[in-house]
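User: Can you walk me through this model? I'd like to start with the packing inside, then go to the charged pairs and the surface.

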Amino acid sequence: MAPKYAPSLRARLPPLAFLLQVAFIVIFAFCVKIEDDGKDKGEAFIYSYAKFQDIHVMVFLGFGFLGTFLVRYGFSSSAFSLLVAAMAVQWATILKGFLLSHSLTWKFGIQLRSLLDAELCAASTLVAMGTVHGKTNPVQLLIFGLIEVTGFVLNQWIIQTFQRPLLQVFQTETQTPWLYSIVLINIFGALFGMITSHLLFRNNMQQKHEKEKVDRRSGLFAMFGTLFLWMFWPSLNSVLELNVTVICSTYLALAVSAVTAMAVSALCSSKGKINLVHVQNSLLSGGIAVGAVVTAPLAPWIAMTIGLCATLLSTLGFRYLKKHMLFAFDCHDTLGVLCAHALPGILGWFAQLILRLSRISHSTVAVRFAVHHICILLITVCVSLVMGIITGIILKWSFWKPQRDNKCYDDQAYWEFPHLLVDK
């Protein structure tokens, strides 16, 4: 007979959380200072804080409610996302300060932009968490988040080092600065999570878990999170380069995604009905794909076409590819992150390559740019897979007291429910 209770994490979660938090406080005490040069005042500060607030809402509210569709995993979905994101923001601030600040001392300064960059790293972690959603305990998720942020910042540092000698050439030829595409957040996070999920795979995951289901209330909460992400995605894409073209292109692509997702979902249904899970999964795909091309000159119809293609790829992938990934590659992707984030991101990455090449007249520069562009994607894929393999190996240790199969997707393993308490 299966045990009634899940393993207690009292000897694992509090010590790890306190140890990490105290260590971060010590590092901030000796190495971090807040820089206020007096320039960000008035309208400039209001604009900077508004952008920070938009990303803040996306990370902690949008992603937090995105995974609440599981009927018995609502508490854990929202609260564990908060736990991991809060820890990831602190760790990302420290790592980016040491690796990317180019400071000659151990002390570095942070600004509002530093916290914004850290929250983008946390967003990548939350994307990756979707693959192991409901199958890992909070101790494993904390370790998962720390390693994912480390890999993401390391990937940024490698790309910066790799592209620095070629940056001046591409700026001159394309007349637009090369910026880190926001889509790398989605590609890195999705692939990192997929390989980790593969290594954590259990044989009983070949069949749908009895608690892996959706009802009206949980589906509505998940849609609530998706709509927050949908509304604020233009702010995310405009973080690197703010102009009207970026915002309008993202919004138009998202609008196309909403229409296309519902139409394709109805076509894929044997009864001709719309599946809310399909819509929720593909609603953001247009914004994700267009996020790769925000630095390229973009006409409205091109953005809408990219959004259409990304949504078709995402919806059909979720409908047909997710099951094949499970049975063919032993990879259980709870939230369908591969189809929702990775595939639209890669599509947008190559769309940017085509748009850039069409505007470069010099063939030698075009070839160099193409090789450079593809190499950045390959570097991202390689780093994400390597870090994901390391994470999967670490999380498989029994020391972390992983969930038993009958306690997956269940809040009762971690949370108190007063109405269920029994006097002993």
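**Core, salt bridges and surface**

User: What is Trp 233 in contact with, leaving aside its neighbours within four places in sequence?

Analyst: Trp 233 contacts Met 58, Asn 186, Thr 250, Leu 254, Leu 284, Gly 287 and Ile 288, once neighbours within four places in sequence are left aside. Contact means heavy atoms within 4.5 Å. Note that this is a predicted model, where local features need pLDDT of at least 70, side-chain atom pairs count only at pLDDT 80 or more, and totals for chains, interfaces and linings use all residues. Residues are numbered from 1 along each chain as its sequence is written, and side-chain values use heavy atoms, with hydrogens and water left out.

User: Which residues touch the most other members of the largest nonpolar core?

Analyst: Ile 55 and Trp 233, in a core of 87 residues. Helix α5 (residues 138-174) gives the largest share, 11 residues. A second, separate core has 12 residues, including Ala 253 and Ile 306. A nonpolar core is a set of buried Ala, Val, Leu, Ile, Met, Phe, Trp, Tyr and Cys residues joined through side-chain atoms within 4.5 Å. Buried means under 20% relative accessible area, exposed over 50%, partly exposed in between (1.4 Å probe, protein chains only). Helices are DSSP runs (H or I, at least four residues), numbered from the N terminus.

User: Asn 155: buried or exposed?

Analyst: Buried, at 1% relative accessibility. Asn 155 lies in helix α5. Beyond its neighbours within four places in sequence, Asn 155 contacts Phe 188, Ile 379, Thr 380 and Val 383.

User: Switching to charges. How many salt bridges does the structure hold?

Analyst: It holds 2. The criterion is a side-chain nitrogen of Lys or Arg within 4 Å of a carboxyl oxygen of Asp or Glu. Arg 72 pairs with Asp 410 at 3.3 Å, N to O. That pair links distant parts of the chain, 338 residues apart. Asp 410 is buried, at 2% relative accessible area, while Arg 72 is partly exposed at 37%.

User: And what does Asp 117 pair with?

Analyst: Arg 113, with the closest N and O atoms 3.0 Å apart. They sit 4 residues apart in helix α4 (residues 112-129), so about one helical turn separates them.

User: Last topic, the surface. Which residues form the nonpolar patch?

Analyst: Leu 308, Leu 312, Leu 316 and Tyr 320, with about 320 Å² of accessible area together. Areas come from the Shrake-Rupley method with a 1.4 Å probe; for residues, only the protein chains shown count as cover. Patch residues have over 30% relative accessible area and no salt bridge; like charges are joined within 9 Å, nonpolar side chains (Val, Leu, Ile, Met, Phe, Trp, Tyr) within 5 Å.

User: Where is Leu 316 found?

Analyst: In helix α11 (residues 300-329). Leu 316 is partly exposed, at 36%.

Note on methods
Helices (H or I, at least four residues) and strands (E, at least two) are DSSP runs, numbered from the N terminus.
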